[in-house]
Amino acid sequence: MSNDSQLLKIQDLYACIDDTSILKGINLEIKPGEIHAIMGRNGSGKTTTANIIMGHPDYEVESGTVELNGENLLEMETWERAREGVFLSFQYPQSVPGLQVGNFLRKSVAAILGEEAAKGKEFRNKLKESMKELDIPSSFLGRYVNDGFSGGEKKRFEILQLMLMKPKLAILDETDSGLDIDGIRTVAKGINAAIRGTESGALIITHYSRILEHVKPDKIHVLISGKIVKTGGPELALELEERGYDWLEEGSED
Amino acid sequence: MKSEELYLSLDEPDNADHLWRYSPWKRIHPTGNIREIPKQYKQPKIKLSYLDGSDLPSACSITKEESKNKKNSFSDPVSMSFIESVSHDSKFTFKVENNTILEKPILLRIDSESLNSAINLSIEIGRHCELELITLVEGKPEWFGLLRQGNIGEGTIVNDVVVGQMKSGTLLRVDAINIGKDSQVKAGNISSGSEKTKADLRYMMDKSGSNLRVLGSILSAEKMHIDHHIEIYHDAPETYSRLDWHSACGGNSKTIGTGMLRVSDGSKGADAGQLFHNLLLSKKAEADSIPELEVSEHDVVGCGHGTANGPVDEEQLFYLEARGFSPDDAKDALIAAFLNTTLSEMGSETLHQWLAENLQDELKSLTT
């Protein structure tokens, strides 16, 4: 590991999918303990950024670097990135009929934090406590992963995983979409519990300022046409809410 | 007519026939000489107990005798008469008295060891019973025949799971089960062994209110050839059936699932559906599924069928890998999940756990 104090460092990242350029020179740095947010319209490259960091095979990195604590993530497979401490809360989590939530959680925690962390009283207590915090009933453990879950249940289940896996970097891709106000509060509580007061960091991808009222990001970045065109403090979210994105589009390149 | 005479009087089945299209009788017959009826097949080892090994109450028994009840006539005569012909010393009746309720699953273990053999099993389950039965077929013979025919009584609830887990050879299985009025039957089928499996499973619902779910969890690996034909007859009003068949196919294996739903005239309110899913795990694995319908009644709730083939879903793989699963572990977990969707529907949690544990080694063989 280098002496770089950045938790996440993205430099000049260009990426495409099926020969269509999406990211056109992203630069982003997150320090340990920080929460950042990326806002932008649909198609601006927010989810692509999340998928590139996690290593989705459909996306091709054309140039640039992505480092976690100085380690080159782009040289790692997805599962190695997960074990290195990257967590992606999916916008559309996959359902896996036949795979029970309880088994899935145990296997995931064992893969990321080691076998010992996934058994015994400590794990059971942490699971119980986290489920309580997210208003998830214990019967949830017997269901199949995301199978037949409502939109809200899927998002809360993603946050439950975040709380159990204790990643170094959590990327939350539109975790607030489709949630009502109570759901947003619950999810925000989970994010704060997992990140605040730790050396971990988070990157929240969202369209709306509401979740940011509860999570209070350190920085907000605006992504337009694959580039970060503005970075500011939490007040930027309110400004975007009032003014939209048009005023930032002038001067950005397609 | 004796079964030998009946068998020898029959013509060789036509390979164009739905039942024999993918596994001609010549390939399933123990010697390939279809005029031959092998003699001196020995009786396989049989043991009936609760799943935990404890003894059953006297209301539930297996005896070495042929049932006096009328035989079901809706099965294929060739395979049925052949198994009857080679199972002279192995005629058994599994009987459950009326109103018997068993709290724990029961296990009928049939071990052919390394000898070719066959069993002719009559199943007589009385009225208003509740039970779960696992029939486990194991051993290392070159050929084994299993004939199960019988009746499930009125108002009875039964989970009837057959596990084909022979280590080698050919398994010929014929089921002809008549389902009673207002009874609820789950017929689970697990096939994970034997190089060649030919199964002809038929269920008759000729009394109103009967409810049937046929479930399949099929694992084919290496050079296995697994062929299941399932026929469900709706021959009474207000009958319900669903067929859900999941096959995971690896190596150079081939799996076949052919389904036939027959809804006869007068079966008003019948509700029937069949769905075959095939998970292809290698480029050389093959899966054929052919669901068919014959509906002669207009006033039905619904009659549908479908089939889906595909490899392991890339987005599901990515999701699991994003949770730290190695690519191999993620694939194994998805295969197990695919098979578990039908496996978990076959009965109680106790039964499900036993089945899942019993299949661990076979699951490994799919991916290695």
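Glu238(B) counts as partly exposed because 19 C-beta neighbours lie inside 10 Å (buried means 20 or more other C-beta atoms within 10 Å, exposed 12 or fewer, and partly exposed in between, with C-beta atoms placed from the backbone). The model is predicted, and local features need pLDDT of at least 70, side-chain atom pairs count only at pLDDT 80 or more, and totals for chains, interfaces and linings use all residues. Residues are numbered from 1 along each chain as its sequence is written, while chains are lettered from A and ligands numbered from 1 in the order in which they are written.

Glu238(B) sits in the loop between β13 (225-234) and β14 (240-249) of chain B (helices are DSSP runs of H or I with at least four residues, strands runs of E with at least two, numbered from the N terminus). Not counting residues up to four places away in sequence, Glu238(B) touches Ser208(B), Gly209(B) and Gly269(B), contact being C-beta atoms, placed from the backbone, within 7 Å. Asp200(B) is 38 residues from Glu238(B) in sequence and 25 Å away, C-alpha to C-alpha.

In chain A, the axes of helix α5 (residues 151-165) and helix α6 (residues 181-195) come within 9 Å and cross at roughly 10°; axes are lines fitted to C-alpha atoms, for helices over the stretch in contact, with angles from 0 to 180 degrees between N-to-C directions. α5(A) is therefore roughly parallel to α6(A) (under 35 degrees; over 145 is roughly antiparallel, 65 to 115 roughly perpendicular, the rest oblique). The contact comprises 7 nonpolar, 4 polar and 2 charged residues, where Ala, Val, Leu, Ile, Met, Phe, Trp, Tyr, Cys and Pro count as nonpolar, Asp, Glu, Lys and Arg as charged, and the others, Gly among them, as polar.

In chain B, the axes of helix α4 (residues 314-321) and α5(B) come within 9 Å and cross at roughly 120°; the two helices are therefore oblique to each other. Gln316(B), Leu317(B), Leu320(B) and Glu321(B) of α4(B) meet Pro327(B), Ala330(B), Lys331(B), Ala333(B) and Leu334(B) of α5(B).

The largest nonpolar core has 173 residues, of which Ile171(A) and Tyr203(B) touch the most other members (such a core is a set of buried Ala, Val, Leu, Ile, Met, Phe, Trp, Tyr and Cys residues joined through C-beta atoms within 7 Å). Helix α5 (residues 327-343) of chain B supplies the largest share of this core, 9 residues.

Between the chains, 19 residues of chain A contact 17 residues of chain B. The chain A side divides into 11 nonpolar, 6 polar and 2 charged residues.

Conventions:
Two residues are in contact if their C-beta atoms, placed from the backbone, lie within 7 Å.
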